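Subject: Structure handover

Hi,

Here is the structure for your files. My notes follow below it.

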Amino acid sequence: MLRKLRVKFIALNMVLATLVVAVSFGVVCRLDYQAKYDEMQDVLRVTLENAAREEVERADVPEAGGAAGPPRIGKHADAAPPHIPVAVYRMLDDGSYELLGMHSTATIPDGSVDHATSVAKTQADNLAEGPGEAFGEVAGESLLYAVLSCKGGTLVAFADTSYLSSTDQLARTLVIIGAATLLAFLAINVFFSRWALRPVGRAWEQQRQFTADASHELKTPLTVIMANTAILRTHPDATVASQSQWVESTQAEAARMQGLVNDMLELARLDDTPAAERVARDVDLTDLAESFVLQFESVAFERGILLKSDLAPEVHVCGDAKRLERLVSTLVDNACKYAGEGGRVHVTLEQVGHEARLVVRNSGETIPPEDLPHVFDRFYRGDKARTRDASSYGLGLAIAQEVARDHGGAITVASSETEGTAFTVALPLAR
């Protein structure tokens, strides 16, 4: 599933990147082509206007309307004139033409000049009487022309469209650059897709593990309940008192299932409740911890455990009192459970800077170093030597960690032969 998601992620990114590159480079090529085309038209226009002005002056005719002087060069010129070869012809009344050599910087081969001038003459005939100009292309000759009709006659200028071929070269260059860019983007995309989907992969694997563990935990009580029910059905005439063993076993397993389901629902609520909907009130953590220490004194006495506390007064945090109760009770219960016969449990609470720090320490068997990173995982039980408690599902510490995170804090664990096992909860103080 994750592989398919990764492939879709990369494919979508590549399609979008290809579209962006193609559109961007297409716009660049189009703008470059249009700029060169406009530049050729400007050259043809200026050349014809200069030629028309001189022809008018020779004939002692007033200057044609719209004529402009020769292009200006030098430091204060508007722009450097482009080097585009131009051939200028005068169209004669009998339909022939003549090359104006003094205004031309190029010529047209004899095999093409007749066709080019006939096309230009057709355009010239369409111009209204008086000054006017028009532009066009000669099909099959790679020529762009401009026609100027003025009092001095009809002039036509030709320029080779090969000047526009540089746009083709630009397009080929951009294609190579675009392909290299997309390949580089693909490599980066492959790398970052692995990095971006890594949390999704972890969450997916945790979800699968959670489902498998929950199914395993539910399988045992369900099996017992079904077995007890089958036994009861084999004795339809027996009284409830005579079958109390199976009834009580069924009730115990049902209660165990209920506790497991409640813990799973609590984890789901912690994961899904938005921060804006969480109830946050001032909580006296000192009173809360003291009440649970008192509750567990009888349990500790029965197990021969010495339970001590050292709680700083008036330590207040902001949060949900019920969830904080679950956090403290889980830690104290675990400490008493695993302190061992004749062991010790020490609960301390103090203010450290802007934090309330609760430490629950117990003696007894330590947690192996390889298990420490996993003690807060859901359904995790690392110590196989400990006798399994029927009420334990491996969710208590996972819930405690979620509660601590939900309140802007953190919970850590340390375990050694000399110091015992200590769970430390750090929560921000109420302001």
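Which residues have the most contacts inside the largest nonpolar core? They are Leu327, Leu331, Val345, Val347 and Val425, in a core of 47 residues. A nonpolar core here is a set of buried Ala, Val, Leu, Ile, Met, Phe, Trp, Tyr and Cys residues joined through side-chain atoms within 4.5 Å. Buried means under 20% relative accessible area, with a 1.4 Å probe and protein chains only. H7 gives this core its largest share, seven residues. A second, separate core has 19 residues, including Leu48, Ala51, Ala52 and Cys150.

Before the rest, some ground rules. This is a predicted model: local features need pLDDT of at least 70, side-chain atom pairs count only at pLDDT 80 or more, and totals for chains, interfaces and linings use all residues. Residues are numbered from 1 along each chain as its sequence is written, and side-chain values use heavy atoms, with hydrogens and water left out.

Overall picture

The protein chain has eight helices and twelve strands. These are DSSP runs numbered from the N terminus (helices H or I, at least four residues; strands E, at least two). Of its 431 residues, 36% count as buried. Take contacts (heavy atoms within 4.5 Å) between residues at least 6 apart in sequence: 65% join residues at least 24 apart.

Valine 425

Set aside neighbours within four places in sequence. Valine 425 then touches Leu327, Leu331, Ala356, Arg357, Leu358, Ala404, Ala410 and Ile411.

H7 with H8

H7 covers residues 321-337 and H8 covers residues 396-406. They pack at about 140 degrees, with axes 9 Å apart. Axes are lines fitted to C-alpha atoms over the stretch in contact, and angles run from 0 to 180 degrees between N-to-C directions. So H7 is oblique to H8. Angles under 35 degrees count as roughly parallel, over 145 as roughly antiparallel, 65 to 115 as roughly perpendicular and the rest as oblique. On the H7 side, the contact includes Leu324, Leu327 and Leu331. On the H8 side, it includes Ile399, Val403 and Ala404. By class, the contact has eight nonpolar, three polar and three charged residues. Nonpolar means Ala, Val, Leu, Ile, Met, Phe, Trp, Tyr, Cys and Pro; charged means Asp, Glu, Lys and Arg; the others, Gly among them, are polar.

H5 with H7

H5 (residues 285-295) packs on H7 at about 45 degrees, with axes 10 Å apart. That makes H5 oblique to H7. Leu288, Ala289 and Phe292 of H5 meet Ala321, Leu324, Glu325, Val328 and Ser329 of H7. Six of these residues are nonpolar, one is polar and one is charged.

Best wishes

Technical notes. Buried means under 20% relative accessible area, exposed over 50%, partly exposed in between (1.4 Å probe, protein chains only).
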